[in-house]
Structures are given as structure tokens and as C-alpha cells.
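The following note was prepared for a colleague who wishes to read this structure with its sequence at hand. Comments are numbered so that each may be taken up separately.

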Amino acid sequence: MKERTISPDAPPLRFDRVSVSYGPGLDVLTDASFELRPGSMTFLTGPSGAGKSTLLKLAYLALRPSQGRVSLFGVDTARQSRGERALTRRKLGVVFQEFRLLEHLTAYENAALPLRVAGDKEKRYRNDVRELLEWVGLGDRMNARPATLSGGEKQRVAIARAVVMKPDLIIADEPTGNVDTEMADRLMRLFRELNRRVNTTVLVATHDMELIRRTPSDVLRIANGLLSRQGQEAAR
Ligand code: ADP
């Protein structure tokens with residue numbers, strides 16, 4: 001299967017006049033346009049119920065817009081075949097709000113799953129995955145199954161799984177919702193490291209304005225269905 005050519009300078013994510021409605025009178029997003037620069041870090045904020053998760057679902061191709069165009073890596077996703085979309089999807093690392101861990105796998109196995117699925121040999125990735133889990137504070141929980149993990153621990157396994165392949169674009173829905181301030185900053189540093197080292201673009205939905213103030217970033221805000229870009233200065 002041949003993929004459409006992707007330019008390295010193309011915005012990893014771009015919305016052109018995107019609207020979403022869940023039904024008559026249930027408009028969530030109206031005429032939203034923005035793009036993320038390659039290697040940038042952007043927070044998406046707004047009150048609860050404003051449409052942050054909805055926007056992220058559009059970005060990771062779990063939802064189609066009612067109107068407008070969602071492009072990933074310079075390609076209009078509506079024009080991609082199912083196979084092309086699947087390939088695009090592999091460039092994304094997604095942290096779901098509800099974690100979506102596999103219950104029969106350990107924390108280590110969950111975090112390593114994308115590597116296993118990609119056919120990598122365990123002996124080649126074992127140390128990297130262990131190091132990553134140690135970094136997110138799960139060094140002593142690697143063999144635990146999700147049922148025995150706290151919400152914050154599950155969240156960190158989900159984050160490890162999302163970053164383990166060093167994706168081109170990380171999309172994270174409230175990834176610090178269940179952890180304390182110190183761990184939240186540590187997780188943001190992990191995203192920043194990927195930003196810096198492999199030019200990963202990061203989009204994080206959060207309603208935690210303090211986290212935004214502490215983290216150098218671009219800021220998008222949704223309120224009343226409308227999306228606006230705010231400078232980091234505006235968030236201070
Ligand atoms: P946020 O992530 O900012 O809290 P969401 O994107 O989850 O907001 O939700 C935005 C609005 O859309 C809310 O009013 C929510 O109830 C509604 N909504 C979300 N998903 C659905 C759905 N599948 N069907 C109908 N309404 C939905």
C-alpha cells in the first residue's frame with residue numbers, strides 16, 4: 001500500500017472550518033480552524049463539556065466532522081482510504097481519558113504493546129520500556145495488572161504506551177487528571193523531551209490552568225463552541 005507523500009514541513013494537525021454536531025441543537029464545535037506547528041507543544045483548554053475531547057477525537061480519527069476538513073501531516077483525512085488512515089493513525093500516540101489498558105496484560109506489557117504489535121523483538125526494547133516506566137514512577141509496578149493499579153498509575157501506563165514508539169504527534173486527553181503537581185510536571189517534561197529530541201508535536205487537553213501557566217506552550221481555548229488561539233502570555 002502506498003502512502004500519500006508527507007512533507008516534513010506540513011502541519012501535523014490542521015482543522016479548516018470544522019464543525020461538529022451530535023444532533024439537532026447539539027452543536028459542539030463551530031467553524032474551528034487552527035494548525036499545529038511541527039515540534040510544537042499546545043494545550044487545549046476550556047470548561048468541562050466545552051468540546052475538548054470531541055476535538056481530540058476528530059484529531060485521532062475516532063470521529064468525523066459534520067463540516068470542514070481535518071488534515072494530518074498535510075493530508076486531508078476524508079480523502080484517505082481506510083488503509084491510508086490506518087497508516088496515519090500509526091504516527092499518533094493517543095492518551096485516552098479512560099486509559100483503555102488491556103486488563104490481562106501487566107503494566108510493562110501494556111506499555112510495550114505498540115512495539116510488540118509492530119513486530120519488534122522484546123530483547124531489543126525491554127530496557128527502553130523499563131526505563132520509560134521508571135521515569136513515570138512505575139519502576140516497582142511493572143508486573144501489576146490494571147485492576148490492581150490506582151487511577152494515577154493507570155494513567156501513567158497509558159502515557160508510557162502512547163509515547164513508547166516516539167510518535168510524530170501525541171494527543172493526550174487530560175493526561176494529568178489523576179496525578180499530583182510534581183508528577184504532572186514530570187509528565188510534561190517527558191512530552192517536552194520528545195518535542196526536543198525527535199520533534200514530536202504534542203496536543204494536550206486540560207482544564208488545569210496552573211499546569212498551562214507552568215509549561216511553555218501554545219494555548220487553544222474552546223468555549224461556547226468557538227475555538228480561539230491564545231498566546232502563552234495570555235494564559236499567564
Ligand atoms: P470536554 O472534553 O470539554 O469536557 P466533550 O467533548 O466531552 O467536552 O463534550 C462536549 C459536549 O458534547 C458535551 O455537552 C457533551 O455532553 C456532548 N457529547 C459528547 N459526546 C457526545 C455524544 N457521543 N453524543 C452526544 N453528545 C455528546
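The points below treat the basis of the model, its sheets, its cores, the ligand site and some individual residues.

1. Basis of the model. This is a predicted model, in which local features need pLDDT of at least 70, side-chain atom pairs count only at pLDDT 80 or more, and totals for chains, interfaces and linings use all residues. Residues are numbered from 1 along each chain as its sequence is written, and side-chain values use heavy atoms, with hydrogens and water left out.

2. The six-stranded sheet. An open sheet of mixed pairing is formed by six strands in the order β6-β7-β8-β3-β9-β10. The edges are taken by β6 (92-95) and β10 (226-230); each has a single partner strand, so one side of each is left without a neighbour in the sheet. On average, neighbouring strands here are turned by 15° against each other, direction ignored. Helices (H or I, at least four residues) and strands (E, at least two) are DSSP runs, numbered from the N terminus, and two strands pair if DSSP finds at least two bridges between them.

3. Details at this sheet. Five bridges join β9 (residues 218-223) and β10 in the antiparallel sense, and Ile-222 stands opposite Leu-227 of β10. Helix α5 (residues 151-163) lies across β6 and β7 (169-173) and runs at about 175° to β6. Such axes are lines fitted to C-alpha atoms, for helices over the stretch in contact, with angles from 0 to 180 degrees between N-to-C directions; contact means heavy atoms within 4.5 Å.

4. The four-stranded sheet. Four strands in the order β2-β1-β4-β5 form an open sheet with antiparallel pairing. Here β2 (27-36) and β5 (75-76) stand at the edges with a single partner strand each, so one side of each is left without a neighbour in the sheet. β1 and β2 are paired over six bridges, with Leu-13 opposite Leu-36 in β2. Their hairpin has five residues between the strands, and Gly-23 in it takes a positive phi near 150°. β4 and β5 are joined by two bridges, and Leu-72 stands opposite Val-75 in β5. Helix α1 lies across β1 (13-21), β2 and β4, at about 125° to β1.

5. The largest nonpolar core. Which residues touch the most other members of the largest nonpolar core? Among its 41 residues, they are Val-129, Leu-133 and Phe-191. A nonpolar core is a set of buried Ala, Val, Leu, Ile, Met, Phe, Trp, Tyr and Cys residues joined through side-chain atoms within 4.5 Å. The elements giving two or more residues to this core include β3 (41-45), α3 (107-117), α4 (122-135) and β8 (201-205), while α6 provides the largest share, seven residues. Leaving aside neighbours within four places in sequence, Val-129 is in contact with Tyr-108, Ala-111, Ala-112, Leu-115 and Val-164. Another core, of 28 residues, lies apart from the largest one, and among its members are Phe-34, Leu-44, Val-94 and Leu-227.

6. The ligand site. The residues around the ligand (a heavy atom within 4 Å) are Tyr-22, Val-28, Pro-47, Ser-48, Gly-49, Ala-50, Gly-51, Lys-52, Ser-53 and Thr-54. An oxygen atom of the ligand is 2.7 Å from a polar backbone atom of Gly-49, and a ligand oxygen atom is 3.1 Å from a polar backbone atom of Ala-50. At Thr-54, an N or O atom of the side chain is 2.6 Å from an oxygen atom of the ligand.

7. Most residues other than glycine have a negative phi. Leu-61, in the loop between α1 (52-59) and β4 (67-72), has a positive phi of about 65°. Asn-199, in the loop between α6 and β8, has a positive phi near 60°. Leu-61 counts as partly exposed at 23% relative accessibility, and Asn-199 is also partly exposed, at 45%. Buried means under 20% relative accessible area, exposed over 50%, and partly exposed in between (1.4 Å probe, protein chains only).

8. A buried asparagine. Is Asn-110 buried or exposed? Asn-110, placed in helix α3, is buried, with a relative accessible area of 0%. Not counting residues up to four places away in sequence, Asn-110 touches Leu-101, Leu-102, Leu-105, Pro-146, Val-157 and Arg-161.

How values were computed
Polar contact = N/O pair within 3.5 Å; in protein donor to acceptor, adjacent residues only side chain to side chain.
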